[in-house]
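User: I am new to this structure and would like to know what stands behind the terms used for it. Please set each value against its definition.

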Amino acid sequence: MLAETIATALLVVGAVAYPAPNPLDIIKRAPNPGIVISKCNSPGMLALAYDDGPYQYTGQLVDILDKGGAKGTFFWTGTLYGCIYKEQKAIEKAYASGHQLASHSWSHSRMGSMSQANIKTEMTKVEQALVNLVGIKPAYMRPPYLDTGGQFLSTMKSMNYKVITNDIDSGDWNNQSPSQSQQGFQRAGASGNGHIPLMHEVYPGTVNTLTPWLINWAKTNNLKLVTVAECLGDAAGMYQPGNFTRQTGPYSC
C-alpha cells in the first residue's frame with residue numbers, strides 16, 4: 001500500500017514543471033488515527049476548537065462564527081452539561097453551517113485509566129447520538145483532560161479516530177479572563193504552522209469576547225479560520241465513511 005501511494009504521488013507530481021514535494025512528506029502530513037495531533041500542518045490557518053458542549057451558548061457561538069466567516073470545531077460530550085439531545089436545534093444548526101462536529105466522549109471521564117470496552121462505550125454513545133441527530137459519525141476527538149494514557153490511543157486507532165490536543169491553552173477552564181487568553185495568543189504569534197487552541201464553549205467570556213477577538217486577530221494576521229480537519233489537510237475526512245442507522249426517538253441520556 002505504501003509503495004502504491006508513493007508511486008501514485010510520483011506520477012502526479014511528475015506531470016508539473018516546477019520542483020515537486022517529496023511524496024513521503026505528503027504521506028507524513030496526512031492525519032493518522034490513534035496519533036496525537038496538537039497543531040495544524042500548514043501555516044496561515046487557525047482552527048477554533050471548543051470543548052464540553054453542547055450547551056446553552058452553542059447556537060449563539062455558531063452565529064458569531066458564521067457572521068465572522070469562520071469555521072469552528074465542536075468537541076461534544078453526551079452528558080457533561082446536560083443531555084446532548086436537549087440541544088438538538090443547536091447541533092443541527094452547527095452542522096448545517098459547515099462547522100465540524102467531533103467527540104469529547106460521553107461522560108467526560110478520564111479514559112486513560114479505562115478498559116478498552118469502556119473506552120469504546122464512551123465513544124460509541126456519542127457516535128450514535130450524532131447519527132440520531134444529524135446522521136454522521138465523527139472521525140475526530142479530543143480526550144477529556146487531554147488524557148491519552150493506558151489503552152486509549154490503541155483503542156482510538158482501532159476505531160479510526162484522529163486524536164486532537166492543542167498547542168495553545170486559552171486557560172478559560174482555569175478562570176483566565178478573555179484578555180489573559182488574548183495575551184496567550186499574541187505570545188504564540190501567527191507564524192509557523194497553524195494553531196489548534198484549547199477553548200470551552202461553556203464560558204460566556206469565551207463565546208462573547210474571546211471568539212470575536214480571535215476572528216479579528218486572525219483576519220489582521222491573514223489567517224484562514226478553518227475546521228481542525230481542514231487545517232490538517234483532511235477536510236473530506238472529518239466524519240467516518242458510510243451510512244448509519246438512526247434510532248427511533250424520543251431520545252434521552
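User: Why is aspartate 234 called buried?

Analyst: Aspartate 234 has a relative accessibility of 14%. Buried means under 20% relative accessible area, exposed means over 50%, and partly exposed is in between (1.4 Å probe, protein chains only). At 14%, aspartate 234 therefore counts as buried. This is a predicted model, in which local features need pLDDT of at least 70 and side-chain atom pairs count only at pLDDT 80 or more, while totals for chains, interfaces and linings use all residues. Residues are numbered from 1 along each chain as its sequence is written, and side-chain values use heavy atoms, with hydrogens and water left out.

User: What makes lysine 162 and aspartate 234 a salt bridge?

Analyst: A salt bridge is a side-chain nitrogen of Lys or Arg within 4 Å of a carboxyl oxygen of Asp or Glu. The N to O distance between lysine 162 and aspartate 234 is 2.6 Å, so the pair is a salt bridge. Lysine 162 lies in strand β8 (residues 162–164) and aspartate 234 in the segment after α9 (228–231), so the pair ties together parts that are 72 residues apart in sequence. Helices (H or I, at least four residues) and strands (E, at least two) are DSSP runs, numbered from the N terminus. Lysine 162 is buried too, with a relative accessible area of 8%.

User: How many salt bridges does the structure hold?

Analyst: There are five. Among them is the pair of lysine 93 and aspartate 63, at 2.7 Å from N to O. Lysine 93 is in helix α4 (residues 88–96) and aspartate 63 in helix α3 (residues 58–67), so this bridge ties together parts 30 residues apart in sequence. Lysine 93, at 32% relative accessible area, is partly exposed, and aspartate 63, at 40%, is also partly exposed.

User: How do you know whether leucine 223 is buried or exposed?

Analyst: The relative accessibility of leucine 223 is 9%, so leucine 223 counts as buried. Leucine 223 sits in the loop between α8 (204–220) and β12 (224–225). Not counting residues up to four places away in sequence, leucine 223 touches Gly44, Met45, Leu46, Ala190, Trp217 and Ala218; contact means heavy atoms within 4.5 Å.

User: Which classes make up the lining of the largest pocket?

Analyst: The lining has seven nonpolar, four polar and three charged residues. Ala, Val, Leu, Ile, Met, Phe, Trp, Tyr, Cys and Pro count as nonpolar, Asp, Glu, Lys and Arg as charged, and the others, Gly among them, as polar.
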